[in-house]
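Here are a few friendly notes to read alongside the model. Please keep the structure open as you go.

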Amino acid sequence: MLAKLSTRPSARRCALATGAALILLGSGLPTAAAAGDDPSGLSRFYDQKVVWKACDLDGAPEDLQCGKVTVPLDYAHPGAGALDLALARYRATGDKRGSVVLNFGGPGGAGVPELAYGGKDFLDLTNGYDVVSFDPRGVGRSSPVSCGDTEGDEGLGALEDGSALEDPRALLAKLKKAAAACARNSGPVLPHIGTVDAARDMDVIRQALGDKKLNYLGFSYGTRLGAVYAAQFPHKVGRVVLDGVDTLTEPLAEQGIAGARGQQVALEDFVGWCVTDIACPFGQDARMAREKMVALVRSLDEDPLPTDFGADFTGQDLVGALGQGLYSKELWPSLERALAQLVEDGDAGAIMAFASGGLSFPFRAPGETEPSPSPLVGEEDVPLDNLAAALMAINCADDPDRPTAERITSDLQRLRAAYDEASPVFGQYRLTEVLLCYGRPRGTDFIRDEVKDLDTPKMLLVGTRGDPATPYRWTVETAERLGDSAVVLDNRGEGHTGYGSSKCVHRKVDDFLLYGSLPPSGSSCGPDEDAG
């Protein structure tokens with residue numbers, strides 16, 4: 001659930017997975033303290049400082065700086081390995097009061113490229129802060145996870161044609177193969193990729209930035225990350241904003257249905273907008289256009305489109321691209337043009353930019369398993385499937401439910417009917433996401449059991465009434481769960497999250513982060529059609 005999506009042009013080639021680059025001791029870390037002086041073994045991670053330098057990113061703004069921090073692979077055994085996390089920042093231009101850390105959502109979204117290519121919306125915050133983002137563990141340049149070659153009978157591509165859903169036994173076998181492929185190709189970071197570890201990483205980042213408390217703006221999945229941080233480090237919470245609030249309690253199966261339903265509404269809104277344009281590739285009749293969209297997905301599932309990038313482009317690839325493109329009306333013109341290229345020219349290049357988050361994923365040689373001399377992988381070495389692989393890995397690590405084979409077999413047809421009813425376009429895609437947790441280790445109970453009744457300073461929670469990805473009721477439910485610390489801002493607009501689409505929300509969030517001015521809980525922002 002990315003709050004924003006960069007649609008900058010990219011040249012894509014096939015990418016294959018390799019093991020994550022890990023180091024036993026971070027080269028930039030101070031020498032470890034004696035065991036008696038540091039029983040936790042974490043002091044060397046908390047004693048580091050970020051060294052900032054110019055970013056080696058294609059097309060990045062000149063005023064963007066990049067750096068890294070080193071964190072333990074396993075916080076329970078901090079001497080057993082470490083990995084580097086990529087950071088980026090825009091420096092404060094006014095009186096600096098510290099840093100504000102951004103997470104743009106996902107899970108699986110890389111923060112560094114998003115800040116580089118979509119950071120203009122946040123430059124007002126440089127009046128008081130360094131504006132910082134990072135690639136979380138397992139994401140982007142920070143030891144990226146992968147499930148391997150999507151053209152084979154393993155990995156995430158093994159379920160794309162939908163035929164496995166017809167045969168539960170075949171489905172379970174494919175799910176186990178997919179889980180094994182992800183474990184094999186992701187390396188040692190995979191068992192430690194969940195939000196609980198990522199939140200602990202944020203505390204290391206906070207300290208390395210020199211801040212006594214964490215000031216934070218999280219979107220979509222980033223709200224889950226922020227809430228988990230607040231539960232783990234309540235006395236380190238500064239000014240925290242959660243926009244597009246994720247659920248903390250709903251099982252993945254229920255989340256998937258809610259997501260499919262919301263995306264279907266957004267798709268119908270997009271189609272209604274598209275048919276008013278003579279260039280709409282589905283014609284000018286809304287009902288027929290919706291039918292053509294369903295037919296296009298099914299046609300590509302039955303007969304995938306060959307591409308120049310290795311793997312064929314399937315109907316489920318298209319569904320994933322649509323899901324990203326529908327998050328914001330700002331993206332609709334680009335989405336319409338990409339669909340026109342696909343329908344009229346048989347060219348999937350533009351629509352694939354949405355499917356992979358708008359990033360460039362050049363070739364990575366197979367069989368490269370030795371740690372790189374640089375713990376951060378190069379921009380060109382991020383696996384093509386990293387976004388999808390990290391999304392699955394983190395969601396599964398955060399969810400303790402693991403239905404048995406017998407339960408999946410007995411429930412499959414009922415689930416499929418429920419998902420298809422929620423959305424004839426997104427239903428299969430969202431159901432497959434949920435099922436992919438089968439064969440993986442059981443996730444943590446911490447989020448459901450411990451992230452509640454927080455004793456922290458006030459946090460601002462923004463919910464948008466017409467959000468296709470995070471329903472407004474999740475904002476209300478999460479606020480009730482967090483307790484008196486939560487202050488709700490009701491955005492009566494459309495789209496996923498409010499900061500980038502509503503001038504009112506943008507102003508109230510900035511006022512809180514910069515000046516500590518908090519709106520009364522339950523206050524609202526009206527529809528803002530001119531927000532852009």
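Predicted model: local features only at pLDDT ≥ 70, side-chain atom pairs only at ≥ 80, totals over all residues.

1. Residues are numbered from 1 along each chain as its sequence is written, and side-chain values use heavy atoms, with hydrogens and water left out.

2. Strand β3 spans residues 82-90 and is mostly covered, with nine of its nine residues buried (under 20% relative accessible area, 1.4 Å probe, protein chains only). Strands here are DSSP runs of E with at least two residues, and helices are runs of H or I with at least four, numbered from the N terminus. Ala82, Asp84, Ala86, Ala88 and Tyr90 point one way from β3, while Leu83, Leu85, Leu87 and Arg89 point the other way.

3. Which strands pair with β3 (at least two DSSP bridges)? Strand β2 (residues 64-72) runs antiparallel to β3 and is joined to it by nine bridges, with Thr70 opposite Asp84. Strand β5 (residues 130-134) is also antiparallel to β3, through four bridges, and here Tyr90 stands opposite Val131.

4. Now the helices: the axes of α6 (residues 252-274) and α9 (residues 332-345) come within 11 Å and cross at roughly 80° (lines fitted to C-alpha atoms over the stretch in contact, with angles from 0 to 180 degrees between N-to-C directions). That makes α6 roughly perpendicular to α9 (65 to 115 degrees).

5. Ala266, Asp269, Phe270, Trp273 and Cys274 in α6 meet Trp332, Pro333, Leu335, Glu336 and Leu339 in α9 (heavy atoms within 4.5 Å). The residues of this contact divide into eight nonpolar, no polar and two charged (Ala, Val, Leu, Ile, Met, Phe, Trp, Tyr, Cys and Pro count as nonpolar, Asp, Glu, Lys and Arg as charged, and the others, Gly among them, as polar).

Definitions and conventions. Buried < 20%, exposed > 50% of the residue type's maximum accessible area, 1.4 Å probe, protein only. Pairing = 2+ DSSP bridges. Parallel < 35°, antiparallel > 145°, perpendicular 65-115°, else oblique.
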